[in-house]
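Please work through the following exercises with the sequence and the model at hand. Each task is followed by a stepwise solution.

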Amino acid sequence: MAASSSRKLRRFVIGFWAFNLCLGLLVTAAWLWKNPAARALIISPTPIPTGTDPPTATASFVPTATFTLTATAVPSDTPTPTLTPTPTSTPIPFSEGPIVIGTSVEGRPLEVYRFGTGATERLIVAGMHGGAEYNTIQLADELIAYLGDHPEIVPPEVTLYILRALNPDGAARSHDYLGRTNANLVDLNRNWPANWQKSWNPTGCWTLTYVSAGSGPASEPETQALMAFIQAHHFDGLINYHSAALGIFPGGIPISEASKRLAEAVAAVSTYPYPPINTGCEYTGGMVDWTANQGIPSLDVELTDHTDTDFEMNLKVLQVFLNWKQ
Ligand SMILES: [Zn+2]
């Protein structure tokens, strides 16, 4: 290749690009001439305070709202939920029952009803002689129904328990003298560990049928269940209803002074004889003698006959019993 042609080509390339550059400059100058804003940007990069408008850029520095957000984000008021655990103490209902405290020889439930929630505990036991004294069970049921309708008669410091039938087997067998004993032919009021005797002089005592004192003190499941129930509580008053006619027997060997005072209080609102009628019977293994020996003021109270519950009178007895203080 000749050197002269190479020079020509180089000159042509240089001239071509020089022409392009000049043309570009001219086009740019013309565009700037027609766009003053673009021209101003290039000549002075700092923004020109055009007109009287304030520098609106300062508005972007007013994000005060974002600072208040952080203030509300402090949940310092939330500790209040610590007060809600109060409903953990569920109130004890006024009454409850039947509470089964054991079973009879034949498997019948021994049912207790509770009324009130006070610390002073009182106990009424009925139906110890089953069907022979069925009106004591009827009285217990009447008192249970009345207490359900009139909870206000139970003082707030008192809890009353009623065992409606200690001898349900006898009550199921017969509603006469044949229903006195439990299914083992035991007289449950001869079965307690208070002067318990296997046999006794029958003079002046109940002798219509054969009755046993049990194979030993507290041999019967009915006696054992009630003993355990009494020992699991702190009773300071007990009435054991029987029938009929002999009156009010304070418990204890010897008879306790507190039982005598309770007997006087009950006698004051009833026609039941006190001191009780003495038939000359030797009482052995009696429940109220055992409970009074445990320090519980205790009474046997005998209804007037074998049919009436003496309800109105026993309502007065109940009110005296609930409000009595040792
Ligand atoms: Zn009796």
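Predicted model: local features only at pLDDT ≥ 70, side-chain atom pairs only at ≥ 80, totals over all residues.

Residues are numbered from 1 along each chain as its sequence is written.

**Exercise 1.** Determine how many helices and strands the protein has.

*Solution.* Helices (H or I, at least four residues) and strands (E, at least two) are DSSP runs, numbered from the N terminus. The protein has nine helices and seven strands.

**Exercise 2.** Trace the pairing of strand S2.

*Solution.* Two strands pair if DSSP finds at least two bridges between them. Begin with S1, which runs antiparallel to S2 and is joined to it by six bridges. Their hairpin has five residues between the strands, and glycine 107 there takes a positive phi near 90 degrees. Next, S2 also pairs with S4, antiparallel, over four bridges. Finally, follow arginine 114 of S2: glutamate 96 is a bridge partner, and tyrosine 161 is its bridge partner in S4.

**Exercise 3.** Identify the buried residues of helix H6 and what covers them.

*Solution.* A residue is buried if 20 or more other C-beta atoms, placed from the backbone, lie within 10 Å of its own. In H6 (residues 221-231), Glu222, Thr223, Ala225, Leu226, Met227 and Ile230 are buried. Their cover includes strands S1, S2, S3, S4 and S5, together with helix H8. Across the protein, 34% of the 326 residues count as buried.

Technical notes:
Buried ≥ 20, exposed ≤ 12 C-beta atoms within 10 Å, placed from the backbone. Contact = placed C-beta atoms within 7 Å.
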